[in-house]
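Take a walk through the pockets of this model, then stop at one helix residue.

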Amino acid sequence: MLNRRNVLGATVVVGVMNLGAAAAWAQAGRKAATPDELRHLIGRATRLSVLSDRITRCQAQKSLQVLTTRADKVLADATDDVRRGLAELAAAGLTDASKALVAPALKSYETFLGHSQQLDVKNAKALGAFAEEADVVGDHMDALVASLIKDLGQSVAKVLASTADLQRLTQHTAVHFLMARLGINEAEQLKEVAEGRKEFNEKLQVLQAAPLKNPAIEAQLQLLGPQWLLMANALGQSGNDAKTLENISTTSERLLEVSTSLYALYESALKA
């Protein structure tokens, strides 16, 4: 599995809506999306990138026989979430440059979902290949995010970029940890876990130090810190202790929920 970095923090463009993007919409006879609509699509595409890891995490849980009933439910919910997101992107009025990235991204994701339904979780080789495919899907979505940010022509707020990275890392570190427990490229997987833990701490510190605060944001940050301590402690454990594997599975899901709520709260606060 490759180390995929969310492009929200890497892509910074200054100014108002990209004039070239507006011209491309006009030439194609489409109404240019508003900045708010583009920001929504950026968030949607970012979510789709995260979901490829979430789906892989559920499959790894099933392979390890960890909370399998819950994994099946989350897997079904995540798959439905993906299909809603793909439909939204397919229907969006995008520039030609972004539209050109949508078709291969959708095809890659649909293939991935098909493989997810057919996956034999007892086959370690197949599961490893599935995890690699998840990264390819994520790369497609990240490329689309970068294109949408270019269309927006504005920098993405640091709190949003950091929160998006936290969403990704909740699943990314869990996937690598579970893959290591399955004996799939264990040394490489644990290296990714260590790097992910370090990056999560850095992004969390950015949010904790950010001046943008309100009671709702502070409440979510207070939830995020202790949950991360639980997960970080579990990520540092070795062996296939059932409790550790359950903690990884449950805390990664809770952290994703909190960071997703936090992203929405930051979006609302930035509009105020």
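On a 1 Å grid over the protein atoms alone, a pocket is an open set of points where a 1.4 Å probe fits, with protein on both sides within 12 Å along at least five of seven lines; lining residues have an atom within 4 Å of a point. Grid points are joined across faces, edges and corners, and a volume is the space filled by probe spheres set on the points.

This is a predicted model: local features need pLDDT of at least 70, side-chain atom pairs count only at pLDDT 80 or more, and totals for chains, interfaces and linings use all residues. Residues are numbered from 1 along each chain as its sequence is written, and side-chain values use heavy atoms, without hydrogens and water.

Start with the largest pocket. It holds about 300 Å³ of space. Its lining has 14 residues; Arg39, Gln154, Ala157, Leu160 and Leu270 lie nearest the centre. Helices here are DSSP runs (H or I, at least four residues), numbered from the N terminus.

The second largest pocket holds about 210 Å³. Its lining includes His40, Arg44, Gln167, Tyr263 and Glu267. Here α2, α6 (158-181) and α9 each supply at least two residues. The largest share, five residues, comes from α2.

Now turn to Leu190, in helix α7 (residues 186-209). Leu190 counts as partly exposed because its relative accessibility is 32%; that class runs between buried (under 20%) and exposed (over 50%), with a 1.4 Å probe and protein chains only. Leaving aside residues up to four places away in sequence, Leu190 touches Ala180 and Arg181. Contact means heavy atoms within 4.5 Å.
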